[in-house]
Amino acid sequence: MNTRLRRVGVIGWPLEHSLSPIIHQHWMREANLPGKIYEAIPVPPDDLPAFLGSLAGNGFAGCNVTVPHKEAVFSYIESHGTLDATAEHLRAVNLVVLSDNGKMEGRNTDGYGFIESLRERAPNCLPCKKAVVFGAGGAARAILAALQNHGVQSIAVLNRTQERAEQLLEELKISNGKVFGKDDVRAAIKDANILVNTTSLGMLGAPGLEEGIGIAPAELASGPAGDAVVLDIVYTPLQTELLQAAKKQGLAAIDGLGMLMHQAVPSFEAWFGVRPEVTPALRKLLEDELRARGSLG
Ligand code: ATR
């Protein structure tokens, strides 16, 4: 923990409407940490090394990292600092922590956030027999590794670009993972215990899941086991078509705010030495913000 430094923030490019400042500023008020600030900092890719190199000198205790910088920050810290085991495995960093002597550590809390978000709503959903993951991008990386680490026996991955999914499974050594094509979606989702959308499909302004996966959300939701959990990392809208369909089927439907809030917990604790809580009050703040932006759905 760094007591001297007062600045923290999230870096990304472009960085539009990040909810992270709302989360961390809420916790700063709760923990009575006056004088600390959490900033949303757009950092163009070309400026990233200089930004990271000047973090300590600019009074930062660390920062969160979002799209598209997670892999680049990993590479930077590989040669300028240390990495925790999770960041090392994922080759992606979403949390940078600076010690008092300016030493930089890269961590990754995305998988933690995902698992906690699942457990909050469905405490007994892990371990389980079968998980289905849509997508093979940055978000899928942390989620696939987390599912493997938490005792999922088989993981079916569906992605527009099948080779990307194959590569990801190989890179992460997910030996119980299998890539399915569009034509096999029905077989892939049958009797699944956990179904996760890690793609941007269904997000406001993006194509719907049906367009990307080839099956309507209602049919997608009818495939999994009767007590399955469906999680969508999309939170604009909060109630995606997939989650609405899951609810109609009587399945547990978990929106993307859960993972966002939970992945932030270890960051705040690492910087300030106080473990914050994910509460209904915090969720309400975020929902109010989304409502004000017209993106609650
Ligand atoms: P992130 O870091 O947010 O996961 P990403 O790495 O660009 O972003 O990954 C986005 C995911 O959504 C990918 O799985 C992508 O599929 P491809 O690997 O084939 O690109 C998926 N995705 C995005 N737009 C899509 C679309 N229109 N149809 C199908 N899949 C889409």
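Predicted model: local features only at pLDDT ≥ 70, side-chain atom pairs only at ≥ 80, totals over all residues.
Trainee: Where is Ser-267 found, and how do you know whether Ser-267 is buried or exposed?

Mentor: Ser-267 is found in helix 12. A residue is buried under 20% relative accessible area, exposed over 50% and partly exposed in between, with a 1.4 Å probe and protein chains only. Ser-267 has a relative accessible area of 0% and is therefore buried.

Trainee: Helix 12 also meets helix 5; why is this pair called oblique?

Mentor: The axes of helix 5 (residues 110–121) and helix 12 come within 7 Å and cross at roughly 125°. Axes are lines fitted to C-alpha atoms, for helices over the stretch in contact, and the angles run from 0 to 180 degrees between N-to-C directions. Angles under 35 degrees count as roughly parallel, over 145 as roughly antiparallel, 65 to 115 as roughly perpendicular, and the rest as oblique. Helix 5 and helix 12 are therefore oblique to each other. As for the elements themselves, helices (H or I, at least four residues) and strands (E, at least two) are DSSP runs numbered from the N terminus.

Trainee: What is the hand of the crossing of helix 5 and helix 12, and which residues of helix 5 meet helix 12?

Mentor: The crossing is right-handed; this word applies if the near helix is turned clockwise from the far one by less than a right angle, and left-handed if anticlockwise. From helix 5, Asp-110, Tyr-112, Gly-113, Phe-114, Glu-116, Ser-117 and Glu-120 meet helix 12, where the partners include His-262, Val-265 and Pro-266. The residues of this contact divide into five nonpolar, five polar and three charged. In that division Ala, Val, Leu, Ile, Met, Phe, Trp, Tyr, Cys and Pro count as nonpolar, Asp, Glu, Lys and Arg as charged, and the others, Gly among them, as polar.

Trainee: What makes helix 1 largely enclosed by the rest of the structure?

Mentor: Eight of its 11 residues are buried, so helix 1 is largely enclosed. Those buried residues include His-24, His-26, Trp-27 and Met-28. They pack against strand 1 (7–12), strand 2 (37–42), strand 3 (62–65), helix 12 (256–272) and helix 13.

Trainee: How do you know that the buried residues of helix 7 are on the same side?

Mentor: In helix 7 (residues 162–171), Ala-165, Leu-168 and Leu-169 are buried. They cover an arc of only 95° around the axis, which puts them on the same side of helix 7; the arc is that of the directions from the helix axis to the C-beta atoms. An α-helix has 3.6 residues a turn, so residues three or four places apart point the same way. The face turned away carries the exposed residues Glu-163, Gln-167 and Glu-170. The buried residues pack against helix 6 (138–149), strand 8 (152–158) and strand 9 (177–180).

Trainee: What makes the backbone at His-17 and the bond joining Trp-13 and Pro-14 worth noting?

Mentor: Most residues other than glycine have a negative phi, and most peptide bonds are trans. His-17 has a positive phi of about 55° although it is not a glycine. The bond joining Trp-13 and Pro-14 is cis, with omega about -10°. Pro-14 has its place in the loop between strand 1 and helix 1, and His-17 is likewise in the loop between strand 1 and helix 1.

Trainee: Why is His-17 called exposed, whereas Arg-91 is called partly exposed?

Mentor: His-17 has a relative accessible area of 59% and is therefore exposed. Arg-91, at 39%, is partly exposed.

Key:
Residues numbered from 1 in each chain as written. Heavy atoms only, no water. Contact = heavy atoms within 4.5 Å.
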